[in-house]
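Dear colleague,

Please find below the structure that I am handing over to you, followed by an account of what was found in it.

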Amino acid sequence: MGPGPPDEATSPTRCLVLLFPGASAAPRSLSGDPMARPEKVAVVEEVRDKLRDADAAVLTEYRGLSVTALAELRGALRPASTEYKVFKNTLARRAAEAAGLDDLVPLLEGPVAIAFIQGDAVVAAKALRDFGG
């Protein structure tokens, strides 16, 4: 029998993708640098702007906090004009560098959240301290 369409019993059900040395799965610009996805660029810009606009920022470890506890913490910080957010560290590091806050970069390791404070940092710091109760 000549070549014909493969029947379902013998057709492959998996696909293998090979990357050659020097190749990357990420799209690259003409200069060879990885191209940033628009969503990631937007997050970096958001964090950079929040860092620039904040009167203070506090980095905290959020390990062990449930989603419910994080929501409660955000609610406790709202009266202190503080926004508490978790970002990917890689994107937060890029934003800190873009904001000229290079000293912040080494602190962005592990499960870190940022409290962006508008106004009196002492009120926000007390709210953070008291939350752990």
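**The aromatic pair**

A single aromatic pair is present in the structure. Its members are Phe87 and Phe116, whose ring centres lie 6.2 Å apart with the planes at 70°, so the pair is edge-to-face. A plane angle over 60 degrees is what places a pair in that class. Phe87 sits in the loop between strand E2 and helix H3 (89-98), while Phe116 belongs to strand E3; the pair thus links distant parts of the chain, 29 residues apart. Both Phe87 and Phe116 are buried. Please bear in mind that the model is a predicted one, and that these values are computed from it.

**Overall architecture**

The protein contains four helices and three strands. Along the sequence they follow the pattern α-β-α-β-α-β-α. Of the 133 residues in the protein, 24% are buried. Among contacts between residues at least 6 apart in sequence, 74% join residues that are at least 24 apart. The protein exposes about 9500 Å², of which carbon and sulfur atoms supply 56%.

**The sheet**

The three strands form an open sheet in the order E1-E3-E2, and their pairing is antiparallel. Strand E1 (56-61) and strand E2 stand at the edges with a single partner strand each, so one side of each has no neighbour in the sheet. From one strand to the next, the twist averages 20°. Strands of a sheet pair through backbone hydrogen bonds, in either a parallel or an antiparallel sense. Here, E2 and E3 (residues 112-117) are joined in the antiparallel sense over five bridges. Across from Ala115 in E3 stands Tyr84.

**Helix H2**

Which residues of helix H2 are buried? In this helix, which spans residues 67-77, they are Ala69, Leu70, Leu73 and Leu77. Viewed down the axis of H2, these buried residues fall within an arc of 100°, so they line one face of the helix. An α-helix has 3.6 residues a turn, so residues three or four places apart point the same way. The buried residues of H2 pack against strand E2 (82-86) and helix H4 (121-131). On the face of H2 turned away from its buried side are the exposed residues Val67 and Thr68.

With kind regards

Technical notes: Residues are numbered from 1 along each chain as its sequence is written. This is a predicted model: local features need pLDDT of at least 70, side-chain atom pairs count only at pLDDT 80 or more; totals for chains, interfaces and linings use all residues. Side-chain values use heavy atoms; hydrogens and water are left out. Buried means under 20% relative accessible area, exposed over 50%, partly exposed in between (1.4 Å probe, protein chains only). Helices (H or I, at least four residues) and strands (E, at least two) are DSSP runs, numbered from the N terminus. The arc is that of the directions from the helix axis to the C-beta atoms. Contact means heavy atoms within 4.5 Å. Two strands pair if DSSP finds at least two bridges between them. Axes are lines fitted to C-alpha atoms, for helices over the stretch in contact, and angles run from 0 to 180 degrees between N-to-C directions. Rings of Phe, Tyr and Trp (its six-membered ring) pair if their centres lie within 6.5 Å; planes under 30 degrees apart count as stacked, over 60 as edge-to-face and the rest as tilted. Accessible areas come from the Shrake-Rupley method with a 1.4 Å probe; for residues, only the protein chains shown count as cover.
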